[in-house]
Amino acid sequence: MDLDLTEQQRAARDTARRFAREKLASSGVETDRTHRFPTEIVADLGRLGMLGIFIPERYSGAGLDHVSYALTVEEIAVECAATATILSAHSSLAEWPLLGAGTERQKESFLPAMARGEKLGCFALTEPQAGSDAAALKTRALRDGDYYVLNGTKNFITNGPQASVAIVFAATDVAQGHRGLSAFVVDTSTPGWQVTRIEEKMGIHGAHSAQLSFVDLRVPRENLLGEEGQGFKIAMQTLDGGRIGIAAQAVGIGRAALEASLKYAGERQAFGAPIAKYQAIQWKLADMSVEIDAARLLVLRAARLKEAGERCTMQSSMAKLFASEAAMRAALEAVQIHGGYGYTREFKVERYFRDAKITELYEGTSEIQRLVIASNVLGTR
Ligand code: CAA
């Protein structure tokens with residue numbers, strides 16, 4: 001059921017589905033095995049307009065909405081979660097803050113090349129000592145004439161090694177705590193931008209997560225995003241949208257686990273019948289189906305609110321929390337349904353299991369999503 005998707009939204013979903021089946025079904029396996037960044041696939045995404053889905057056409061984007069974006073991420077994630085990570089970090093974490101908080105000049109300078117896929121984006125908030133407690137970041141930005149000079153270290157930055165444009169958060173006034181943080185658009189070819197490590201991870205191998213160091217990185221004053229002191233708010237608003245992308249990615253991984261399980265359960269014989277005949281398996285398949293559908297509905301609600309320009313903090317946290325935990329459960333059950341084969345590389349379900357886990361961690365752990373939801377339902381936010 002399409003639940004009132006518009007023709008345009010269905011077309012975006014179908015284009016992504018076709019592309020994923022044709023290109024990612026095999027390249028996803030290769031990307032996972034080699035850990036190689038999928039350069040050609042990312043170029044394809046750019047050509048198809050998928051790297052600028054919700055960017056208006058006047059900045060060379062596809063001019064679609066956040067629902068189309070979420071549906072696209074889901075389809076891509078069904079075949080390759082790493083590619084979905086690259087896409088969503090670029091779109092919701094790097095393009096959106098430019099669109100939402102950038103000046104006209106900043107939008108014109110950065111968005112067209114990003115939307116066409118000529119320049120990839122990243123979002124540099126997290127630091128070694130500041131993950132869940134994002135306001136505890138230590139990177140400093142000191143004013144020096146028409147420049148800010150940035151020094152500090154960032155951790156786990158998706159697309160860090162490949163990005164040409166980065167949204168970087170740093171303290172311009174340490175005494176003000178979270179109200180002293182500011183956001184900057186940084187051209188990563190600037191001297192002082194260093195990629196110091198690429199993490200070896202459990203999953204999403206093709207999406208590279210980097211440690212970055214800034215050593216006297218000089219950023220022009222005109223690249224301040226919003227005003228001084230607005231950085232934390234910009235980061236939180238960005239994550240409201242980013243979490244919708246991660247939730248959609250989780251729906252895609254969960255769906256992949258379910259589809260693989262349905263196929264296997266129909267083929268695998270035990271005790272004289274396909275295992276799909278047994279209630280033990282049927283109940284797992286039923287629970288997986290319900291949870292994935294419910295997760296998608298939460299994603300679509302959050303995406304519609306985002307598109308309407310309404311605050312969606314709680315709804316995007318609910319979508320991410322539920323979808324990521326549903327994806328993890330689905331992947332776990334998919335391995336169980338596949339038995340010993342599920343633990344081997346012969347089947348894709350072991351990858352789904354490894355890829356699903358990250359959705360419970362990045363862009364705010366499940367514990368952080370519960371805090372956000374609780375503070376909203378309690379009315380303390
Ligand atoms: N929208 C707008 N404003 C918001 C907001 C939102 N969603 N959330 C908070 N704010 C505002 C508050 O209104 C408050 O404003 P005032 O200055 O007027 O008081 C201010 O921000 C501070 O709010 P809190 O006191 O609630 O902030 P906190 O320090 O307690 O932190 C938190 C809240 C929810 C725990 C937040 O720190 C958080 O989301 N942590 C997780 C960080 C995270 O998700 N990191 C992921 C990084 S990106 C990634 O993983 C992927 C990658 O590729 C790098």
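Tutor: Let us begin with a term for residue classes: Ala, Val, Leu, Ile, Met, Phe, Trp, Tyr, Cys and Pro count as nonpolar, Asp, Glu, Lys and Arg as charged, and the others, Gly among them, as polar. The model is predicted, so that local features need pLDDT of at least 70 and side-chain atom pairs count only at pLDDT 80 or more, while totals for chains, interfaces and linings use all residues. Residues are numbered from 1 along each chain as its sequence is written, and side-chain values use heavy atoms, with hydrogens and water left out.

Student: How do the residues of the shell around the ligand divide into nonpolar, polar and charged?

Tutor: A residue is near a molecule if one of its heavy atoms lies within 4 Å of it. Here 24 residues surround the ligand, and Ser132, Thr158, His178, Arg179 and Glu363 are the closest. The shell consists of nine nonpolar, eight polar and seven charged residues.

Student: Which helices and strands each supply at least two residues of the shell?

Tutor: Helices (H or I, at least four residues) and strands (E, at least two) are DSSP runs, numbered from the N terminus. Strand S3 (147-158), helix H6 (231-267) and helix H10 (366-377) each supply at least two residues of the shell. The largest share, seven residues, comes from H6.

Student: How many salt bridges does a search of the whole structure find?

Tutor: Side chains of opposite charge can pair when their charged atoms come close. A salt bridge is a side-chain nitrogen of Lys or Arg within 4 Å of a carboxyl oxygen of Asp or Glu. The search finds 26 of them. In one, the side chains of Asp144 and Arg218 meet at 3.1 Å, N to O. Asp144 lies in strand S2 (residues 140-144) and Arg218 in strand S7 (residues 209-220), so this pair ties together parts that are 74 residues apart in sequence.

Student: Are Asp144 and Arg218 buried, exposed or partly exposed?

Tutor: Buried means under 20% relative accessible area, exposed over 50%, and partly exposed in between (1.4 Å probe, protein chains only). Asp144, at 38%, is partly exposed, and Arg218, at 36%, is partly exposed.

Student: Which salt bridges lie within a helix?

Tutor: Among them is the pair of Glu267 and Lys263, whose closest N and O atoms are 3.4 Å apart. Being four residues apart in helix H6, these two are separated by about one helical turn. Lys263 is exposed at 54% relative accessibility. Another is the pair of Asp355 and Arg351, which meet at 4.0 Å, N to O. Both lie in helix H9 (residues 349-359), four residues apart, about one turn of the helix. Asp355 is buried at 3%, and Arg351 is buried at 5%. Elsewhere, salt bridges that share partners join Arg17, Glu74, Glu75, Arg255, Glu259, Asp293 and Arg296 into one network.

Student: What is the phi of Phe156, and what is that of Ile204?

Tutor: Most residues other than glycine have a negative phi. Phe156, however, has a positive phi near 55 degrees; Phe156 is in strand S3 and is exposed at 52% relative accessibility. Ile204, also not a glycine, has a positive phi of about 35 degrees. Ile204 sits in the loop between strand S6 (193-198) and S7 and, at 3% relative accessibility, is buried.
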